[in-house]
Amino acid sequence: MALHLNLLHEEILAERQRQRDPLKIGLLVLAGCGAILFLYYAWNAYQTIEIKSELSKVQNEWAKIEPQVTAAQKKSADLNNVITTTRVLDGYIDNRFFWAPVLEKISHCVAPNVQLTAIEGMVLDEDKGVTVSIEGVAAAREPRSAAEDLRQMLFEQLAKSYHDVKVEFRTLEDLETLANVGGVRTPMARYNIFITFRNTEAPKPTPAPTRVKHRDESS
Amino acid sequence: MNLPKLTPDQIKKLSLSVMGFIFLLYVYFNFFLGPLSKSRKEAQVAIADRQHKIASSKGEMQKATNLERQAKDAMTRFAALKTLSPEGAPIAWFPPRVKSFFTDQHIDKAVARLESNTTFKEAELGGWTKYNWVIELPQVDYTSLGDAVAALENTEPLLTITKISVHPVVEEPQFQQVAIAATTVIQKR
């Protein structure tokens, strides 16, 4: 067995102590940590740069699209405006009351022994209906019944097309003067007929809520 | 493990190094890494926002295209309704129009007078105004009146007759004297 003699014992010990110098080790650790932190920072910076470049790409894309979007939004708003306005105007047009059919119906009701002297018609606001006032004279052996025939005729004709029709005499009075109808002196009556009706059906009242019977109440 | 014994000088240096290290970490996180990650987060939020805007804008543009297709009928109808309101003040063009309309209906005398004008309560009709007119026909026979009223109601969709009054002409009982109250909806110009 070979014998090893350490003749430099003190020098080797000093060397080892130098190597184990805590300050040196601390500085090395510090440098290592610093390097790791630097690398971590560099990695983060790289990621941030990448994200920022993506952001600028997206911003460029948005800058290209934005005017088109603004124009599309404006167009949508305009179109919606046109659609709603047209719808409201169409509703207004559809809800109009037409007088020509009423005039036609009145003309169909007038018999030769009846004369109209005035017609006053009015559309009431808020869909409350229409009123017509007819004044005239009837000449017949029974002038009142001639006027009544006119009233009934008006009711029949108007009820065919309108709702809630009411045809009533406001006045019906005999006249003292006689009319000459075909050389025959005929008694006369003056009348005023008041008509009310609706163009559309009146809204039905909503039924009263019925009470729901619970099981425990029935027992 | 035998830890080397530290001299007071070494301990002092070590504690100074540790404090320096802590200070370095503070500076690193607060002044370097902190702002960096903050700006990265802001950029990510901005990207998400822009991408959301881009995605929704594509839908918006598609919606506008679809709406345009759907609104074709409404636009045509709206344009047709607009043409019923010529340029200029209604009092300047409506009475002559009424006069020529009744002339075409073989009713020579027709006078239209403006009574009042009102705005609509409906917000959708903010660009339109209601004009109330009185149309006087001093001499007309009943049949011509019926035909004329029918034609007027059919050719003027934005005109509503609210009141009609028929009385005989005293000297010529075969003719009637008629007053018509009408409301027209006219676009504001």
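Let's start with helix H3 of chain A, residues 100-109, where the buried residues are Val102(A), Leu103(A), Ile106(A) and Cys109(A). Look down the axis of H3(A) and those buried residues fall within an arc of 120 degrees, so they line one face of the helix. The general rule behind such a pattern is that an α-helix has 3.6 residues a turn, so residues three or four places apart point the same way. Bear in mind that this is a predicted model.

What do the buried residues of H3(A) pack against? Within chain A, the partners are strand S1 (114-123), strand S2 (130-139) and helix H4 (143-161). Chain B joins in too, with its own helix H4 (142-155).

**Where the chains meet**

On to the interface: 50 residues of chain A are in contact with 56 residues of chain B. On the chain A side, helix H2 (22-94), H3 and S1 each supply at least two residues. Which of these elements gives the most? That's H2(A), with 35 residues on the side of chain A that touches chain B. Sorted by class, that side of chain A has 28 nonpolar, 14 polar and 8 charged residues.

S1(A) and strand S3 of chain B (residues 159-168) run antiparallel and are joined by 4 bridges. Met122(A), for instance, has Lys163(B) in S3(B) as its bridge partner.

**Chain B overall**

Chain B has 4 helices and 4 strands. Reading from the N terminus, its elements go α-α-α-β-β-α-β-β. The radius of gyration of chain B is 41 Å, well over the 16 Å that the globule rule gives for 189 residues, so chain B is more spread out than a compact globule. Here are some figures for chain B in one place:

| Property of chain B | Value |
|---|---|
| Radius of gyration | 41 Å |
| Span of the C-alpha trace along its principal axes | about 140 × 30 × 25 Å |
| Residues that count as buried | 17% of 189 residues |

As for contacts in chain B between residues at least 6 apart in sequence, 58% of them join residues at least 24 apart.

Note on methods: Residues are numbered from 1 along each chain as its sequence is written. Chains are lettered from A and ligands numbered from 1 in the order in which they are written. This is a predicted model: local features need pLDDT of at least 70, side-chain atom pairs count only at pLDDT 80 or more; totals for chains, interfaces and linings use all residues. A residue is buried if 20 or more other C-beta atoms lie within 10 Å of its own, exposed if 12 or fewer, and partly exposed in between; C-beta atoms are placed from the backbone. The arc is that of the directions from the helix axis to the C-beta atoms. Two residues are in contact if their C-beta atoms, placed from the backbone, lie within 7 Å. Ala, Val, Leu, Ile, Met, Phe, Trp, Tyr, Cys and Pro count as nonpolar, Asp, Glu, Lys and Arg as charged, and the others, Gly among them, as polar. Two strands pair if DSSP finds at least two bridges between them. The radius of gyration is taken over C-alpha atoms; the globule rule is 2.2 Å times the number of residues to the power 0.38.
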